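Here is a short briefing on a protein model with DNA. Look over the structure first, then read on.

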Amino acid sequence: MTTVRTPAGWPATEEEARAVQDELRARVVIDEPGPVPGTGHVTGVDVAYDDERDVVVAAAVVLDAASLDVVAEATAAGRVSFPYVPGLLAFREIPAVLAALDALPCPPGLVVCDGYGLAHPRRFGLASHLGVLTGLPVIGVAKNPFTFTYDDPGPRRGSSAPLLAGEEEVGRALRTRDGVKPVFVSVGHRVALDNACAHVLALTPAYRLPETTRRADSLCRRALQETTTRHAPAPRGAGG
DNA sequence: GCGACAG
DNA sequence: ATCTTGTCGC
């Protein structure tokens, strides 16, 4: 497990953070189709927190896109660098995610992160921010519709409906399992929305959430537990 | 002004 | 995000 370094000039206030988003959003690339689903690598990233101890742990898990087998994984631990503020999630998650991605022994290929990309108050959510900073193709898959609206997609896996900010389609509500609540897909960087949805379907052969996020989620939780346990008071009785 | 609000 | 065991169902 490597150590998180907060990037130089990381914003300290919400006002500064919003200014960073307003400046960087011009660098988002939306005219590339992105990787072909089922080819190359797909990497899930996720972050777990222990705010009590001010600890953050990120995980990056690389899957073979065709088999969904784990090819590589890495974790990074450090101090929390920003509070959770709706619309500013990226400033809380990105330093740890960058450290985990840097620790990987191979290229990540397409990155799938929890949360949103262009579906964001200033059209620059976590997935777009991570894409601009790394240059990698990135998509966002969220479990909740945030502030956006959508009509319920059809009941079958594969059905989708626009995720709307007023009249603007900022993403898609995509049904990944028959009769189960959809996930919310949006473009991050260098991937088209249709292709992003195709990737998500390729990553959900068995569960609502993509295998990438499931794997990254369990890994960062496990790593956080170990970090937390190691720094906790020595347990009474048995143990070693 | 107040509430809602990705993780 | 996190608090948290058993339990209903295929």
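Which atom of DNA strand B lies 3.1 Å from a backbone N or O atom of tyrosine 116? A base nitrogen does. The model is predicted. The points below take each DNA strand in turn.

**Surroundings of DNA strand B**
- There are 19 residues around DNA strand B. Tyr84, Gly87, Tyr116, Lys143 and Asn144 come nearest.
- Helix H2, residues 89-102, gives the most to this surface, with 3 residues.
- By class, the surface near DNA strand B has 8 nonpolar, 6 polar and 5 charged residues.
- Of the atoms of DNA strand B within 4 Å of the protein, 38% are in sugar or phosphate. The rest are in bases.

**Polar contacts to DNA strand B**
- Leucine 126 has a polar backbone atom 3.3 Å from a base nitrogen of DNA strand B.
- Tyrosine 84 uses its side chain: an N or O atom there is 3.1 Å from a phosphate oxygen of DNA strand B.

**Surroundings of DNA strand C**
- Ala48, Tyr49, Lys143, Arg221 and Leu224 surround DNA strand C.
- Strand S2 (41-50) and helix H5 (211-231) each supply at least two residues of this surface.
- By class, the surface near DNA strand C has 3 nonpolar, no polar and 2 charged residues.

**Polar contacts to DNA strand C**
- Arginine 221 places a polar side-chain atom 3.1 Å from a phosphate oxygen of DNA strand C.
- Lysine 143 has a side-chain N or O atom 3.3 Å from a phosphate oxygen of DNA strand C.
- Tyrosine 49 has a backbone N or O atom 3.5 Å from a phosphate oxygen of DNA strand C.

Technical notes:
Residues are numbered from 1 along each chain as its sequence is written. Chains are lettered from A and ligands numbered from 1 in the order in which they are written. This is a predicted model: local features need pLDDT of at least 70, side-chain atom pairs count only at pLDDT 80 or more; totals for chains, interfaces and linings use all residues. Side-chain values use heavy atoms; hydrogens and water are left out. A residue is near a molecule or strand if one of its heavy atoms lies within 4 Å of it. A polar contact is a pair of N or O atoms within 3.5 Å; within protein, one must be able to donate a hydrogen and the other to accept it, and residues adjacent in sequence count only if both atoms are side-chain atoms. Helices (H or I, at least four residues) and strands (E, at least two) are DSSP runs, numbered from the N terminus. Ala, Val, Leu, Ile, Met, Phe, Trp, Tyr, Cys and Pro count as nonpolar, Asp, Glu, Lys and Arg as charged, and the others, Gly among them, as polar.
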